[in-house]
Amino acid sequence: MNLSIRTKLTLWFSAALIVVVSLTYVCIMAVSDQVLQKTIRDNLIETVEHNVDEIEFYWDKNSVAEPGDVDLFIPHGAGFLEVDDDFLSTVNQVYTALYEGNMLMLYGENPVAKECEDVPFQDRVLQKVRSGGIVYYVFDRELSGEGLTGLWLRGVVSETQGREELAAVSKVSLTILPLIVLFAILGGNLIAGRTLRPLSEITEMTEQISQGNDLKKQISLDPGGDELHRLADSFNSMIARLDASFEKEKQFTSDVSHELRTPMTVITVQCEYSLENDTSPEEYAASIQTIYSQSKRMTSLINQMLDLSRLDMRPEYYPKEKTDFSALIGSVCEDMALIRDKGIVLNARIERGVFIDGNPSLLVRAVSNLILNAYRYGKENGHITVSLQKNEGSSLLRIEDDGSGIAPEDLPRIFDRFYRADRSRTESGSGLGLSITKEIVSFHGGTVTVESFPEKGSVFSVSFPEA
Ligand code: ADP
């Protein structure tokens with residue numbers, strides 16, 4: 001059955017509530033019945049015990065009779081029995097009667113006298129007698145004292161005596177309890193509806209987003225801090241992150257096409273020119289030279305993109321091992337020092353014995369990119385200083401140049417893919433070098449930062465956790 005969460009919740013707690021309330025009702029009735037029965041029995045015993053003292057024996061009636069006295073006198077043996085006017089023959093539906101030992105009722109009332117005839121007298125014993133489907137409690141007391149021999153007091157009370165009170169308790173319970181249940185169910189249903197309303201808004205919005213593919217949409221709920229509001233917030237930030245990464249992907253694809261189009265156009269134009277015109281062997285050679293350098297540029301671009309996507313998608317392609325970072329940097333510096341482009345001199349200050357967990361070929365790439373940039377953007381006869389040292393559980397590598405520097409407004413973007421601060425200054429770069437370096441550094445759990453002052457130079461600092 002496809003029931004809504006609200007209906008399911010309401011059904012569940014309604015059923016639970018009905019069970020609980022029914023059990024409560026049964027308990028109330030059982031306890032009330034027990035209490036009533038005990039009260040009835042105690043009352044019977046108390047009434048009979050009270051009446052015991054109200055019967056006295058006198059040899060001569062006149063010795064006690066006073067004018068206006070309403071006491072009753074019953075001849076008994078050689079004297080009289082005096083039944084005091086305080087004798088409770090019928091009170092609270094407890095009937096008390098005075099008997100001679102042979103079941104002869106002398107005084108009082110007993111509605112089940114006949115049925116009681118077969119029930120023998122038993123002093124201070126509570127007996128049960130059933131008559132006409134009704135249970136009666138019977139309590140006897142044997143009288144004792146001068147002239148009171150052979151006399152019994154028998155008290156009788158019906159078990160149903162408290163039924164009216166019980167019926168009243170039941171009636172009140174049966175009116176109030178269903179009202180409480182109804183109230184609780186309606187209230188619960190209302191609260192469930194209110195609480196779950198954001199869920200339907202979230203569902204609606206999710207459907208809208210997935211149908212329209214619009215990642216700019218956000219779920220907006222009334223203010224609140226419950227779980228559903230937190231869900232909506234995380235959903236919104238997830239969608240925002242997805243949107244940002246889709247945007248980044250779109251930007252990347254459009255940059256890639258743009259970057260590849262330029263060398264492709266140059267190659268096409270060179271080919272067309274060479275095919276359409278009477279081209280001299282020298283011109284052919286120049287064209288082929290241009291085509292060659294453009295295709296080299298394209299190949300390097302494609303390789304760099306391939307590396308970036310491998311780092312993103314297939315990190316297992318680059319296994320890590322404990323690497324002597326000092327030795328690795330030393331050998332990169334030795335190789336790079338041979339470049340001597342623009343008369344730039346490279347100095348290395350390397351602390352021995354720095355080890356990190358890493359992939360050597362990736363590390364070489366990352367460091368080479370930074371040193372190549374220092375050459376590319378360095379000034380004539382300038383200096384590059386590469387230093388490596390241990391620094392509180394990590395290794396700190398600094399590549400410092402005294403070249404063109406980077407404008408403050410470009411600094412936050414130089415690690416973005418295809419970002420090049422000043423394209424007019426050099427056409428050779430692709431804008432991917434620093435983003436690859438950054439990917440490699442974070443692949444190794446490290447960080448790369450830059451400080452730079454235009455026309456003074458730049459310092460790139462790379463920090464890796466030590467192995
Ligand atoms: P590119 O292929 O253009 O060098 P990078 O990603 O390596 O691409 O660098 C991005 C931009 O950052 C460069 O275009 C340049 O403007 C700037 N840059 C990087 N390194 C340096 C540096 N050492 N000195 C000055 N500018 C730099």
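Me: How much accessible surface does the chain have, and what share belongs to carbon and sulfur atoms?
Reply: Good place to start! This is a predicted model, where local features need pLDDT of at least 70, side-chain atom pairs count only at pLDDT 80 or more, and totals for chains, interfaces and linings use all residues. Residues are numbered from 1 along each chain as its sequence is written, and side-chain values use heavy atoms, without hydrogens and water. By the Shrake-Rupley method with a 1.4 Å probe, the accessible surface comes to about 27,300 Å², and the carbon and sulfur share is 56%.

Me: What percentage of the 467 residues is buried?
Reply: A residue is buried when its relative accessible area is under 20% (1.4 Å probe, protein chains only). Of the 467 residues in the chain, the buried part is 37%.

Me: Which residues have the most contacts inside the largest nonpolar core?
Reply: A nonpolar core joins buried Ala, Val, Leu, Ile, Met, Phe, Trp, Tyr and Cys residues through side-chain atoms within 4.5 Å. The largest one has 32 residues, and those with the most contacts inside it are F325, I329, I371, V386 and L397.

Me: Which residues does I329 touch, not counting those up to four places away in sequence?
Reply: Contact means heavy atoms within 4.5 Å. With residues up to four places away left out, I329 touches I350, V367, V386, L388 and L397.

Notes: Buried < 20%, exposed > 50% of the residue type's maximum accessible area, 1.4 Å probe, protein only.
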